[in-house]
Amino acid sequence: MSDEPEEADDQQMRILRASIKKEDYLSTGSTLLNLACSGMPEFGLAKGLYFWIAGDSSSGKTFLLLTCLAEAARNPNWDKYDLIFDDVEGGALMDMEQFFGSKMASRIKAPGYAEDGTAVYSDTAEDFYFGLDERLDDVDAGKAKPFIYVLDSMDALSTKYEGAKFDEKKTADRKGKKAVGDYGDGKAKINSTWIRTVVRRLRDSRCTLVILSQTRDNVGGGIFESDSITSGGRALKFY
């Protein structure tokens with residue numbers, strides 16, 4: 001087996017690291033994870049980039065990314081950044097100030113707010129991408145601060161297509177009919193189409209995006225396939 005692809009990836013990583021200034025990096029709060037991400041013990045994430053983190057349920061993904069936001073809150077190089085936490089799963093019920101400090105607790109924001117001040121999180125993949133695009137427009141126009149945006153998680157998002165298919169199947173079931181079959185929820189196509197545009201815009205605006213995904217058992221997978229897979233298509237990992 002050739003080592004050329006691995007060597008090419010290493011070369012790309014070295015070029016990327018060389019192009020990022022020290023003050024543009026952010027620690028994940030874990031030395032080992034910093035090393036895995038950047039090859040440097042102090043730094044993991046960086047301005048202007050997209051990161052995808054996939055792991056098993058209850059493996060600590062949410063806590064890890066909230067720790068990253070806490071690191072940003074205490075790092076003066078990130079003082080002018082908004083810290084956006086899109087809590088789609090609604091699972092981050094811990095006391096933010098107790099676990100991550102008052103600085104982080106005072107700066108963390110939801111993607112949007114209702115008139116009564118209630119936090120509004122993304123419900124569908126379309127909500128997520130449209131809201132992210134509008135926020136990047138505001139950053140480019142100087143109407144908003146650059147940001148770190150954490151989506152928790154891609155799996156918890158629905159799609160307009162999925163909602164329409166549910167209504168169709170429900171109506172058919174109530175009438176004693178069989179709905180037309182379909183494949184997937186349309187999320188893979190949405191990610192494949194829109195994530196590449198987002199990645200390009202992140203570089204220009206120097207904003208950072210982190211998407212969390214859940215792994216699931218690869219039921220029926222062959223002996224040469226991975227034991228676990230993620231939903232949402234391959235584009236999430238590719239970019």
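In the largest nonpolar core, which has 24 residues, F128, L209 and I211 touch the most other members. A nonpolar core here is a set of buried Ala, Val, Leu, Ile, Met, Phe, Trp, Tyr and Cys residues joined through side-chain atoms within 4.5 Å, with buried meaning under 20% relative accessible area (1.4 Å probe, protein chains only). At least two core residues come from each of α6, β8, α8, β9 and α9, and α6 gives the largest share, 6 residues. As a general point, nonpolar side chains in soluble globular proteins tend to be buried together.

A word on the model: it is predicted, so to speak of local features takes pLDDT of at least 70 and side-chain atom pairs need pLDDT 80 or more, while totals for chains, interfaces and linings use all residues. Numbering starts from 1 along each chain as its sequence is written, and side-chain values use heavy atoms, with hydrogens and water left out.

| Element | Residues |
|---|---|
| α6 | 125–140 |
| β8 | 147–151 |
| α8 | 187–205 |
| β9 | 208–217 |
| α9 | 235–238 |

Back to I211: leaving out residues up to four places away in sequence, I211 touches Y50, F51, W52, I53, F128, L151, M154, I195 and L236, where contact means heavy atoms within 4.5 Å. Another core, of 23 residues, lies apart from the largest one and includes L26, L69, A72 and A92.

Now for α6 itself. This helix has 16 residues and reaches 22 Å from first C-alpha to last, close to the 22 Å expected at 1.5 Å a residue (the expected span is 1.5 Å times one less than the number of residues). Its buried residues are A125, E126, F128, Y129, L132, R135, L136 and V139. After α6 comes G142, with a positive phi near 75°.

Over in helix α3 (residues 61–74) sits T62. Why does T62 count as buried? Because its relative accessibility is 18%. Its side chain makes a polar contact with the side chain of D152 at 2.6 Å; a polar contact is a pair of N or O atoms within 3.5 Å, and within protein one must be able to donate a hydrogen and the other to accept it, with residues adjacent in sequence counting only if both atoms are side-chain atoms. Beyond neighbours within four places in sequence, T62 is in contact with F85, A92, D152 and L212.

Zooming out, the chain holds 9 helices and 10 strands, and 38% of its 239 residues count as buried.

Terms used:
Helices (H or I, at least four residues) and strands (E, at least two) are DSSP runs, numbered from the N terminus. Buried means under 20% relative accessible area, exposed over 50%, partly exposed in between (1.4 Å probe, protein chains only).
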